[in-house]
Amino acid sequence: MPPIHHKAISVMQVRNNWTKEEISAIYNKPLLPLLLEAAGVHQQFHKFGEVQVSSLLSVKTGGCPEDCSYCPQAARFHTDVKVQALMQVDEVVDAAKKAKDGGASRFCMGAAWREVRDNRDFDRVIDMVKAVNELDMEVCCTLGMLNAHQAQRLAEAGLYAYNHNIDTSEEHYSEIITTRTYDDRLETLSNVRKAGLTVCSGGIIGLGETDEDRMGMLLTLANLPQQPESVPINALVPVAGTPLGENQKVPFYDLVRMVATARIVMPKSAVRLSAGRNELSMAEQALCFLAGANSIFAGDKLLTTPNPDFKDDMDMFRILGLTTKAPFADKKKNAVAAEIDE
């Protein structure tokens, strides 16, 4: 894609002292000027048109004891999700190979746990991480809360990133989840950071939150001691049987406004189009890429909800002139694991 130039775009600096008023002023700009500003910021920090392709596999599905109001995997809700035990390592490796063949450079594994427990299941996840790491893919996990020792074990196994979303603003959080606190989530992110892993943390829009809550969520992420390397922006996919199953679809222009605002306040982060992308047309996705989105999940499922498949995404890349990002382009393989290998 050709460079975007506009004399009104100033050089953006990475900051960790944003105010809600500043983020509000960005979020509430007229949409086209907002997109132009976000595109300019994106070009300062990233290769315009380069998009990371990730794949997400549910390695343990359903039966979760939490009460996240949006989640079909919660045991207390009556949904069509069937409980599945933790997968075997060879099954996961086969899925990772297919994802790599489809164009993915990052492979994410999700388990429907409240927190990591030091048992044989976690030992198996460690083996999964080691095995997928051998495929020269960035390996990511989302397993719920974890302590510092568990984060260190994952790092030593070769994990590249850990996903733990904050979901929404601190003020709105208790309306959505009561089985763990906002501070619990922030503590896990701190443990991940201390282990030398990269952080993947974002949230969901469409939970019944206000614009103020959306800005509050971005404020929390932007003002972390170190901003997340990856920020997923999810649009709620309502699932029958969950408390939010009747919520209305998020208007597209709310989603692209969130993408653009996240890009401006977290200029170095990968802004990831996540849940809800299956509902977007190619033209709508193109606007999101213009606004600074540079990471997607590909594959026909996103844990338990529908997602575009690899072929459709590669067709879109060809039409829009997008290129796929190579693994470890931003950071070498986990240094802890490298030292052990040596």
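Buried residues are those under 20% relative accessible area, exposed ones are over 50%, and partly exposed ones lie in between (1.4 Å probe, protein chains only). By that scale Arg153, with a relative accessible area of 24%, is partly exposed. The structure is a predicted model, in which local features need pLDDT of at least 70, side-chain atom pairs count only at pLDDT 80 or more, and totals for chains, interfaces and linings use all residues. Residues are numbered from 1 along each chain as its sequence is written, and side-chain values use heavy atoms, with hydrogens and water left out. Helices (H or I, at least four residues) and strands (E, at least two) are DSSP runs, numbered from the N terminus.

**Salt bridges**

- A salt bridge is a side-chain nitrogen of Lys or Arg within 4 Å of a carboxyl oxygen of Asp or Glu, and the count by this rule is 16.
- Side chains of opposite charge can pair when their charged atoms come close.
- Glu66 and Arg180 form a salt bridge with an N to O distance of 2.4 Å. This pair links distant parts of the chain, 114 residues apart: Glu66 is in the loop between β1 (50-60) and α3 (89-102), and Arg180 is in the loop between α6 (170-176) and α7 (182-194). Both Glu66 and Arg180 are buried.
- Asp123 forms a salt bridge with Arg153, with the closest N and O atoms 3.1 Å apart. The pair connects helix α4 (residues 120-133), which holds Asp123, with helix α5 (residues 148-157), which holds Arg153, across 30 residues. Asp123 is partly exposed, at a relative accessible area of 33%.
- Arg214 forms a salt bridge with Asp254, and their closest N and O atoms are 3.1 Å apart. Arg214 belongs to helix α8 (residues 211-222) and Asp254 to helix α9 (residues 252-265), 40 residues apart. Salt bridges that share partners join Glu209, Asp211, Arg214 and Asp254 into one network. Arg214 is buried at 7% relative accessibility, whereas Asp254 is partly exposed at 23%.

**Cysteines**

- A disulfide is a pair of cysteine sulfur atoms within 2.5 Å, and a search of the whole structure finds zero disulfides.
- Cys71 is in no disulfide, and the nearest cysteine sulfur, that of Cys68, is 6.0 Å away. Cys71 is buried, with a relative accessible area of 18%.
- Cys288 is likewise in no disulfide, the nearest cysteine sulfur being that of Cys200 at 17 Å. Cys288 is buried at 0% relative accessibility.

**Helix α10**

- The buried residues of helix α10 (residues 282-290) are Gln285, Cys288 and Phe289. Seen down the axis, they fall within an arc of 100 degrees, so they line one face of the helix; the arc is that of the directions from the helix axis to the C-beta atoms.
- These buried residues pack against β1, α9, β8 (270-273), β9 (293-297) and α11 (310-320), where contact means heavy atoms within 4.5 Å.
- Gly292, which follows α10, has a positive phi near 120 degrees.

**Aromatic rings**

- Rings of Phe, Tyr and Trp (its six-membered ring) pair if their centres lie within 6.5 Å; planes under 30 degrees apart count as stacked, over 60 as edge-to-face and the rest as tilted. The structure holds three aromatic pairs.
- Tyr160 and Phe328 have ring centres 5.5 Å apart and planes at 75 degrees, so the pair is edge-to-face. Both residues are buried.
- Tyr173 and Tyr182 also form an edge-to-face pair, at 5.3 Å centre to centre and 70 degrees between the planes.
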